[in-house]
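User: Hi! I'd like to learn how to read a ligand site and a helix pair in a model like this one. Could you walk me through it?

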Amino acid sequence: MTKYDVIIIGGGITGSAIARELSRYKIKTALLEKGLDIGLGATKGNGGVVHQGYDPVPGSVKAKINAQGAKQYPQLSKELGFEISNPGLFVLGFGEADLKVLEHKLDYGIRNGIKEIRIVDKDTVKDREPHINPNVTHALAVPSTTVVDPFEVALAFAENAVDNGVTVFLGQAVKKIEKQGQDFLVSTETKSYLTRYIVNAAGNHADDVAKLAGIEEYQMQPRHGDLLVFDREMDIKPQTVMFPCPGPDTKGIACIPTIHGNTIVGSTATMMDDKDDVANYKNGIDALIDGVHHILPELDDKKIIRSFAGLRPVVLDHDNDFYIEISKTDSHFIHAAGIQSPGVASAPAIAERVRDLLNDAGLDLPRNLNFNPFRPAPTIFNVLSELEKNMLIKNNQAYGHVVCRCETVTEGEILAAIKGKIPATTVDGVKRRTRAGMGRCQSGFCQYKVLSILAREQQVAIEEILLEDSGSQLIFGKVKG
Amino acid sequence: MMENFDVVIIGGGPAGMAAAVEAARKGVSVAIVERNDELGGILNQCIHSGFGLQYFKEELTGPEYAENFKNLVEQAAIKVFLKTMVTDISPDKKVTAVNEDGLVTLLAKAIVLAMGCRERTRGAIKIPGTRPAGVLTAGLAQRYVNMENLKPGNRVVILGSGDIGLIMARRLALEGMEVLGVYELMPYANGLFRNVKNCLDDFGIPLHLSTTVSRVIGYPRVEAVEVCQVDDKGCAIAGKEKIIPCDTLLLSVGLIPENELSLKLGLKLNGASNGPVVNQDLESSVKGVFACGNVLHVHDLVDKVTVEAIQAGKNAAEFALFNTVRRDEQSQFIKYSNNIAYTVPSIFNTSKDLLVKFRVRKPITGGQIKIFSGDQLISESRIRDFKPSSMEEISLKKDDLCDQAKGLSIILEEASA
Ligand SMILES: Cc1cc2nc3c(=O)[nH]c(=O)nc-3n(C[C@H](O)[C@H](O)[C@H](O)COP(=O)(O)OP(=O)(O)OC[C@H]3O[C@@H](n4cnc5c(N)ncnc54)[C@H](O)[C@@H]3O)c2cc1C
Ligand SMILES: Cc1cc2nc3c(=O)[nH]c(=O)nc-3n(C[C@H](O)[C@H](O)[C@H](O)COP(=O)(O)OP(=O)(O)OC[C@H]3O[C@@H](n4cnc5c(N)ncnc54)[C@H](O)[C@@H]3O)c2cc1C
């Protein structure tokens, strides 16, 4: 049996970033993810804002890591070929009481090392956001704030890790962890893996995974958030990420211009019991619509194209901080748990911290001299020039076949996703990588084509193709005909 | 590749085909650009009959209706680009498309937009709950069942009583799926009376009015839906929920004109119909660009699409031949009473007869319709029952239109109950 130096459990953005970081070293690393794709936990259900660090309490683990992580994003985007935009951020104040809160957050921001942060007046906000609620009086401005698609970032981390020697196993839910001498034997339903160290990046299930190894140091509970996606074409939409004044557990309901030109409105914040309940709730959706109208009163709420939800992994009784530590019970077990917001912004720095903890726990980290930090950006047909499009089609006819009409996604892009380093194997896997089915018609026109391409490439019947998780078949056989 | 045409038609559904045939009849060079591998548009998947009664005076299936026009297109000297998707149109009428040979550029003198429509989705109506496999639009189900012989589910609940929902209820029942019921938010069925009878009653499928799907339950596949009665404002009534076990939810909740390209072209859109603003020549706010069929406004009968498209094709050909310049600055918006949802055209001038099509917002049982030019009453007529699902028409003679500066108003007065 292969013996790994490190097994990472959980392939969200945290686990993927750690995998990529560890691939800089000459050690044997594997990542086990229970889903059929990476990033299916909190990582696919969030707002994608790379917060610069105005919110966390100075001195907390979160504060340090958030600011350090966020700073790396522009460079990472170049290395790893994921998209990034820089809309900047306003935290809006309505009156003098809010101004106090903003000043408080300004102080946090400065102490957490944000260079450009200041309080601006109503006119400055209005110049940039002409349709802003007229009752806004001030705003905290953080112009360096960026936005990413967190799934794309996680995929980029994971694919670059694979390229540099990490093995990623999908569909592997860890069910059992046993100690074999110094090592761990990690078992799923179908396979076992031997490893010297475990990194627990299992999101909302980190406490359950720890328990498998007999480690009970914290308890977790998910904080649920609903989100809405709006059409790209709207007369009134935000140019800037805009939050209201924050509450104790949440930054409040924001509107976020995405890298693709849509608007996301999120998120609510409700403590839940069920760690897998990512349903949308009616009162949540209603609260989001009220929330966005508090910021942009005239935004057209008929332009919603999709709702979704995510669960923030919260370690209880831990002041909403991250829990990134060597286990007190077993020093070869490292927690990267409780990665609630802003876990996306923090991921690159969480990975470095985990690397240091592994080192502290006795793992030697010789440099991988062959480490290649670059991952080529996927081809996006729609943004190419006419000349480039023509060349691409001449080389490969599949790029001349538009599959998704709303987002202009070609068969060539879909094939590239299916043949990627971490291949898309499901309809939603294709959607997340290529945007086929993400537009206004929400796959009404292209779902059949995507199904057919997947079935053809995997050489299976169309009835076997899944939407997302196992059991999510779309087709139940042939009609009587 | 670059080619010149007098008229380029975007979309090869019934609207595009009729416009092309008519334009070609005027002796101009015509191209149709169609994304799919055959002409016919949405008709290819509508295998039920009920098409053509008005235009061909016989009852045809969708593919038969399309076939008639495909033959006409073939006979005329029309260049057809299949598997070719238009990605951009510029105001100087350069049409950019892609297909397997590469980029295709067509330079046109006039353009007809005939891209059809798409279906409203779950997101648009904000149904809460889980997001499993088994929630799909009626049009997608139609494609799976009618064209690919695939079964998208076993036990089906349908939301929406428009004609597509009703026709799919029957289709699925005929194909051996269990249709548990059709649920409709409004207190009346949205489809044609004959479809309620032929598609539901004859198959013992219940229709539940003033009821909506309030939640989707189950993951990774639909396990049930929660339905709930609504009050006269369409709001769910607490305590009136019911769980219906099923594995599929079919949505038939409306169609939206597909105007991505129109927006790139910079056309003005009409927020009420979701189609381009056009005058009575079906000409948009960009000179020489015309629109017809479902891209202009959603039609219930394909026969009406054909009639409209013939007009668009004719006007496009004339524009290409004579470069007719109209002074639209003088055109006026047609005003209408609140109970009317929209009119097509939305602007008019006094140079020609005017056919106004419109839909009402809610059912109206009797009343009268008055047309004013300025404050002068120019016509008045009694009306029968109007439903939002059916398109109504009023035809006005050029001479009736009086002075356009005074504007035109259509006032629908309901008979007081
Ligand atoms: C509504 C909402 C809005 C947010 N907005 C933002 C934002 O704007 N900016 C920001 O920076 N952050 C935001 N966040 C936070 C961010 O989404 C999370 O911090 C981040 O995604 C956490 O990543 P993770 O990898 O730790 O967890 P996850 O993405 O949940 O990954 C954990 C993975 O572990 C796997 N796993 C679990 N158990 C096992 C097992 N037994 N065996 C194998 N695999 C297992 C899961 O399948 C999952 O893929 C938001 C979160 C929510 C919910
Ligand atoms: C699901 C459904 C069921 C219906 N059932 C009935 C019925 O039972 N009876 C009835 O009378 N009417 C029915 N109708 C209405 C009637 O069929 C339509 O009104 C009619 O087909 C509309 O014609 P069209 O040409 O405007 O649009 P479509 O038939 O939709 O044709 C538009 C064409 O344009 C093409 N296109 C779009 N964009 C591009 C692009 N960028 N590049 C190239 N090509 C493009 C599309 O591929 C398509 O072929 C139904 C409509 C729908 C949507």
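This is a predicted model: local features need pLDDT of at least 70, side-chain atom pairs count only at pLDDT 80 or more; totals for chains, interfaces and linings use all residues.

User: How many residues surround ligand 2, and which are the closest?

Analyst: There are 32 residues around ligand 2, and the closest are B:Ala15, B:Glu34, B:Ile42, B:His48 and B:Asn294.

User: Where do oxygen atoms of ligand 2 lie 2.6 Å, 2.8 Å or 3.2 Å from protein atoms?

Analyst: Let's take the side chain, then the backbone. A polar side-chain atom of B:Glu34 is 2.6 Å from a ligand 2 oxygen. A polar backbone atom of B:Asn294 lies 2.8 Å from an oxygen of ligand 2, and for B:Pro14 a backbone N or O atom is 3.2 Å from a ligand 2 oxygen. As for cover, ligand 2 taken alone exposes 990 Å², and the protein buries 95% of that.

User: Now the helix pair: at what angle do H1 and H8 of chain A pack?

Analyst: The general idea is that two packed helices are described by the angle between their axes and the distance between the axes. Here, H1 (residues 13-22) and H8 (residues 343-360) of chain A pack at about 50 degrees, with their axes 8 Å apart. H1(A) and H8(A) are therefore oblique to each other, and H1(A) passes H8(A) in a right-handed crossing.

Technical notes:
Residues are numbered from 1 along each chain as its sequence is written. Chains are lettered from A and ligands numbered from 1 in the order in which they are written. Side-chain values use heavy atoms; hydrogens and water are left out. A residue is near a molecule or strand if one of its heavy atoms lies within 4 Å of it. A polar contact is a pair of N or O atoms within 3.5 Å; within protein, one must be able to donate a hydrogen and the other to accept it, and residues adjacent in sequence count only if both atoms are side-chain atoms. Accessible areas come from the Shrake-Rupley method with a 1.4 Å probe; for residues, only the protein chains shown count as cover. Axes are lines fitted to C-alpha atoms, for helices over the stretch in contact, and angles run from 0 to 180 degrees between N-to-C directions. Helices (H or I, at least four residues) and strands (E, at least two) are DSSP runs, numbered from the N terminus. Angles under 35 degrees count as roughly parallel, over 145 as roughly antiparallel, 65 to 115 as roughly perpendicular and the rest as oblique. A crossing is left-handed if the near helix is turned anticlockwise from the far one by less than a right angle, and right-handed if clockwise.
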